[in-house]
Amino acid sequence: MEQPDEDRNADVAREMKVTGAWLVPTYNGIAYLDKPAFYFKAVAISLALFGDSETAARLPSAVFGIGLLALVYIFCRREFGVRCAALAAIVLATTILFLVNARTVIFDIALCFFVSSAIFAGYRAEESEGNARRISYLIGAVAAGFATLVKGPVGFLIPGLVLLVFHRVLGRRGVWRRFFAPLNLLVFFGVVLPWFIGLSIAHPDFPHYGLVAESFHRFTTTQFHRSKPFYFYGIIVVGMFLPWSLLLPEAAVATWKSRRGLARADVLCVVWAVVVVIFFSFSNSKMPGYILSATVAFGILVARLFEKALADSGGKAARIARHAAVGFAVLCLLAMAAIIFMSSRTQLLARPLGISVAEAGQFHPHIMAAAVFLLLFALFALLAGCKGNVKLCFACFSLFPLLLVNVNYGMLDVVFSAKSARTLAHQIPALPPKTELACLECFPSGLTFYLGRTATLITKDGHELTSNYIASRLKTEHPWPANLVPVAELNQWLAARKHPVFLLARREDLGRLETITVGNGATIQHLTPFYIGVLLPSA
């Protein structure tokens, strides 16, 4: 698992499973209120059923991903027919951003499932009358409630904003009254408030932190260190939606020209994609997964284009597919040239990828396979585009992301293994009974997951835990939790230990460990390119 988010989320869920604290998540034994408990509960249940493994931790994301594909299929089958439904599910399933989030221990795929459910239900509500409308709105309220339980206010803000803008574009009046009907609000708050009130009673500082610091300040300030340029999501749409994104420029122009003839469900998808991308572009905290729900809308629109292209091989939609295929062929050739150029310069990749030069050198055996893969797909795309075969274009686009991961697994494994705490956990020797694990101004996310235990952190401010809540709590809370030690008290803490301590540190702190080990005969062990450790005897 990748640091820091995926490893940390899995470890929070592991602790929840061990302690049974389903309301208040903990990380390394300390209350962790950065995110609601719902997703952690799903992962904890999976760990309880299938054991503490990476597969079990990732299973809930896979389940939510499959559920999302089913939602898209059901919606499109009702609105456009079986062919479009199948195409939409395939397009979404072969989108890089979807594939990444459906196999990692990250909240965004669960959030996307519930947000999409709320949007689909809200759309169907206004397409229906009477009891069917009420039921659809209630389903939407439940879905928005669970989306809020997954990731906070964004869970109801996104579906609400998308639907209100959509109905405004259609010129529908009075929709907001039905949208915010008392029964809908009662159901929504019935889902959300038990958790919110219970957590607020247990931790009275949570309402301010959750609503102001974690939500409002994350959107409006740069204090979370995830700020990116306004155009960031334009790059993400192009890169993480490849090769389908090559269809978007020409398709967007064609959609605008024919906007008056669009079906209402098409308008919904256009509004959905635009609103999500623009909304998060204004945020001062940006991560690729934030716009995951936009890929649902993009996927449906791409499926609609291919549906038209398959129905009329000489029409505008077919021409757009052919042009995109030729463009994709050129892109593959350029990427192949770049890989060949970098084959003798892999050391240049070390810093951007966050790995060592030696680890970057492990790319060499896999570079030729990547180059051949890109050449074959360049020829495949060129054949499809030049022959004007829409089926071949669709096959080329859908197969590329799936085979990209499998053919290049060797290089991906080098990167993810280097960034995962699993390698470090395997290098730490078997420790004597009652040995305390301590980390000196470092805390490799996931290490405690793989070791199945907590650790003592020696720190200045707790930032190594990558938890904004814990960091803010330590500024005002004294004394600190027992497993957090101020770095200024390190010597006193070591002198008071009545049992062995395995002290972990970054390689650049070798001098500090050498000073600590003077006179006790302990041997410093070089564990990984980035970490060292030493087993200190009891005082």
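A charge sits over a ring if NZ of Lys or CZ of Arg is within 6 Å of the ring centre and within 35 degrees of the ring normal. In this predicted model, the charged end of lysine 228 is placed in this way over the ring of phenylalanine 232, 5.6 Å from its centre. The structure also contains 40 aromatic pairs, two of which are described below.

**Phenylalanine 241 and phenylalanine 298**
- The ring centres of phenylalanine 241 and phenylalanine 298 are 5.5 Å apart and the planes meet at 40°, so this pair is tilted.
- Distant parts of the chain are linked by the pair, as the two residues are 57 residues apart.
- Phenylalanine 241 belongs to the loop between helix H12 (232-240) and helix H13 (248-257), while phenylalanine 298 belongs to helix H15 (residues 292-311).
- Phenylalanine 241 has a relative accessible area of 2% and is therefore buried, the cut-off being under 20%.
- Phenylalanine 298, with a relative accessible area of 14%, is buried by that cut-off.

**Phenylalanine 280 and tyrosine 290**
- Phenylalanine 280 and tyrosine 290 make a tilted pair, with 5.8 Å from centre to centre and 45° between the planes.
- This pair also links distant parts of the chain: phenylalanine 280 is in helix H14 (residues 264-281), and tyrosine 290, ten residues apart from it, is in the loop between H14 and H15.
- Both phenylalanine 280 and tyrosine 290 are buried.

**Aromatic cluster**
- One aromatic cluster is formed by Trp244, Phe306, Phe328, Phe373, Phe377, Phe380, Phe394, Phe397 and Phe400.

**Another charge over a ring**
- Arginine 345 lies over the face of phenylalanine 341, at 4.0 Å from the ring centre.

Definitions and conventions: Residues numbered from 1 in each chain as written. Predicted model: local features only at pLDDT ≥ 70, side-chain atom pairs only at ≥ 80, totals over all residues. Heavy atoms only, no water. Phe/Tyr/Trp six-rings, centres within 6.5 Å; stacked < 30°, edge-to-face > 60°. Helix = DSSP H or I, 4+ residues; strand = E, 2+ residues; numbered from the N terminus. Buried < 20%, exposed > 50% of the residue type's maximum accessible area, 1.4 Å probe, protein only.
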